[in-house]
Amino acid sequence: MNLAPVTDWAQLPLSRTTVDRAAELRDEVDLVERLVATSSTRVVLVRGASLAVRAATAPGALALDLVPAGEVVAALSAASSELTAPHAPGWLFLGTDDDGAYLALVLPAEPDDDVDISGVVPARAEDLLGRGRRFESLRDAGHLLDARDAGLATTAVGVAAWHVRALRCEHCGEATRPARHGWSRVCTSDGRETFPRTDPAVIMAVVDDDDRLLLGHAATWPEGRFSTLAGFVEAGESVEAAVRREVREETTVVVGDVEYRSSQPWPFPRSLMLGFRAHALTTDVVVDGVEVTGARWFTRDGLAADLAAGRVLLPMRSSIARGLIEEWYGGPLADRTE
């Protein structure tokens, strides 16, 4: 049974964007000073992989809780100490649209317990900005944001995560400092410049001759969670070869034809998920027992029944895995957690 694809791949939650990154502005020395003095500039607050959000107009939807730049500057001025996260890039320039410019500010993921000499916890910018605000993980909230906010959020989380892992020069090991308004880091010893990295990963809907779908359960997932197989592309390897290798390593299933479907950024911390439909040449399944502790073939009726009974949980809607599964199924699916 061949069903027409129902997924609009351009609308994958974390692939959507409307903001112009305006990369040509990143070399302007006074860019941030100019933007924070502009009343239309808004700031995205990032804390780890979470962002400040608020309820949107549409029922169940969320929007970024964008802060006027002037409010952020006032909070920074009121704080008795600088933003203390060692990885913080300072201001991160995200881009522009017809409404103005967008910056991000990275708040420490975990507040410290420092006190001043009198035993009083000093006012911190992260406290003043984050107090009373709702923070949600991008994994959980990405599909609830509109295209503008999804693009801003995914970029902010991805670049912030790179800064955490780029504190030292990969050539000499000396400290680096942020540059280009968050879009690079420069070695403080030899001046080498590095840029945000992306790791390619493959994720695949494996289908057999009977149009059954192969889904696996990872060792770290909650009981009942099943999703498409995935893995990183190795050095010197094509993405098609990576699909075949990962499926065989994890389940012993041999894959033949591989068809590209779409891609999605997955900044946890810095992956680009490349989605595929793969045709299985064999159907015997033996899991590796390390990364994947369970895998099985599903018919459409069988998957629907398992979801309705609560025996199976699907991947989150922000993931391309959900799109691959629903394209195979021929329509939207829901489990009992939704």
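Two strands count as paired if DSSP finds at least two bridges between them. Helices (H or I, at least four residues) and strands (E, at least two) are themselves DSSP runs, numbered from the N terminus.

Good morning. The structure before you is a predicted model, in which local features need pLDDT of at least 70 and side-chain atom pairs count only at pLDDT 80 or more, whereas totals for chains, interfaces and linings use all residues. Residues are numbered from 1 along each chain as its sequence is written, and side-chain values use heavy atoms, with hydrogens and water left out.

I begin with strand 2. Strand 1, residues 42-47, and strand 2, residues 50-55, run antiparallel and are joined by two bridges. Within this pair, Ser50 of strand 2 lies opposite Arg47. The two strands make a hairpin with two residues between them, and Gly48 in that turn has a positive phi of about 65 degrees.

Three bridges connect it, in the antiparallel sense, to strand 3, residues 62-64; here Ala55 has Leu62 as its bridge partner. This hairpin has six residues between its strands, and Gly60 takes a positive phi near 80 degrees. Strand 2 is also joined to strand 7, residues 134-137, by four bridges, again antiparallel. Phe135 of strand 7 stands opposite Ala52.

I turn now to a second region. Strand 9, residues 184-187, is linked to strand 10 by two bridges, and Arg185 has Thr194 as its bridge partner in strand 10.

Finally, the chain as a whole. The protein chain has eight helices and 16 strands. Of its 338 residues, 48% are buried, meaning under 20% relative accessible area with a 1.4 Å probe, protein chains only. Among contacts (heavy atoms within 4.5 Å) between residues at least 6 apart in sequence, 66% join residues at least 24 apart. The chain exposes about 16000 Å², of which carbon and sulfur atoms supply 50%; accessible areas come from the Shrake-Rupley method with a 1.4 Å probe.

Note on methods
Buried means under 20% relative accessible area, exposed over 50%, partly exposed in between (1.4 Å probe, protein chains only).
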